[in-house]
Amino acid sequence: MEKFLGKKKIAVFISGRGSNLKSLIKYSKTKKSLIKIVLVVSDNYHAKGLRIADKSNIKKIFVKYTSKKEFENQLLKLLKSHNIDFICLAGFMKILSGNFIRKFNKPILNIHPSLLPKYKGLGTHSRAIKNKEKYSGATVHIVNQKLDSGKILLQKKVRILKSDSEKSLEKKILKIEHKIYPEAINKLLTNY
Ligand code: GRF
């Protein structure tokens, strides 16, 4: 237990694959890590990421979405009972309300697969390709009430090649996502 004294307690919220969760777990096990992931929460019972949590012996909880109010109340209770210091959204497909953000009152981070403020929302890769962008990338930002609009913590770009498809671009961007999410957390915590 001593080993984790002083580390921030993190909850990671997911809805699917969980590759960012995997990279955060990997980072949390490194010497320089300032976090301990104590909870993985999913609104999707079948999320692959839940198996990743299992493999790493991290507590995982499926929270069924009934209504926004009920769902968020359950989340707030969980966060409180696990003394969570901040939340990392990693492919979490529900939009958290202003009420939730206010009540939690601690940082909530998100990773988004575009160079925000460009291409908020879904379908970022196909839109960037369609618009013949030269670059796309990934952004880690603080979550506020507006979708994909909070303060940017870290951003990294990749070149879009003529030969790129949605799939190949997604792959390139995921690779940098896995790098910048831990870096952004370090950055946030060293200024905490
Ligand atoms: C990532 O592209 C992330 O930027 C976005 O959702 C995707 C989640 O992927 N918010 P994964 O579940 O972490 O593999």
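A polar contact is a pair of N or O atoms within 3.5 Å, where within protein one atom must be able to donate a hydrogen and the other to accept it. The views below show a predicted model.

**View 1. Histidine 82 and its polar contact with lysine 59.** The side chains of histidine 82 and lysine 59 are joined by a polar contact of 3.1 Å. Histidine 82 belongs to the loop that runs between helix α3 (68-81) and strand β4 (86-89). With a relative accessible area of 16%, histidine 82 counts as buried, because that value falls under the 20% limit. Apart from its neighbours within four places in sequence, histidine 82 is in contact with Lys9, Val38, Leu39, Lys59 and Ile61.

**View 2. Surroundings of the ligand.** The residues around the ligand are Arg17, Gly18, Ser19, Asn20, Gly91, Ile111, His112, Pro113 and Glu177. A polar side-chain atom of arginine 17 is found 2.6 Å from an oxygen atom of the ligand, and a polar side-chain atom of glutamate 177 is 2.8 Å from a ligand oxygen atom. In the case of glycine 18, a polar backbone atom lies 2.8 Å from an oxygen atom of the ligand. The ligand taken alone exposes 370 Å², of which the protein buries 85%.

View 3. When residues up to four places away in sequence are not counted, valine 12 touches Leu21, Leu24, Ile37, Leu39, Val40, Val41, Cys88 and Ala90.

**View 4. Tyrosine 45 in the loop between β2 and α2.** The loop that holds tyrosine 45 runs between strand β2 (35-42) and helix α2 (49-55). Tyrosine 45 has a relative accessible area of 57% and is therefore classed as exposed, since the limit for that class is over 50%. Once its neighbours within four places in sequence are left aside, tyrosine 45 is in contact with Leu50 and Phe62. Between tyrosine 45 and glycine 16 the separation in sequence is 29 residues, while their C-alpha atoms are 9.3 Å apart in space.

Key. Residues are numbered from 1 along each chain as its sequence is written. This is a predicted model: local features need pLDDT of at least 70, side-chain atom pairs count only at pLDDT 80 or more; totals for chains, interfaces and linings use all residues. Side-chain values use heavy atoms; hydrogens and water are left out. Contact means heavy atoms within 4.5 Å. Helices (H or I, at least four residues) and strands (E, at least two) are DSSP runs, numbered from the N terminus. Buried means under 20% relative accessible area, exposed over 50%, partly exposed in between (1.4 Å probe, protein chains only). A residue is near a molecule or strand if one of its heavy atoms lies within 4 Å of it. Accessible areas come from the Shrake-Rupley method with a 1.4 Å probe; for residues, only the protein chains shown count as cover.
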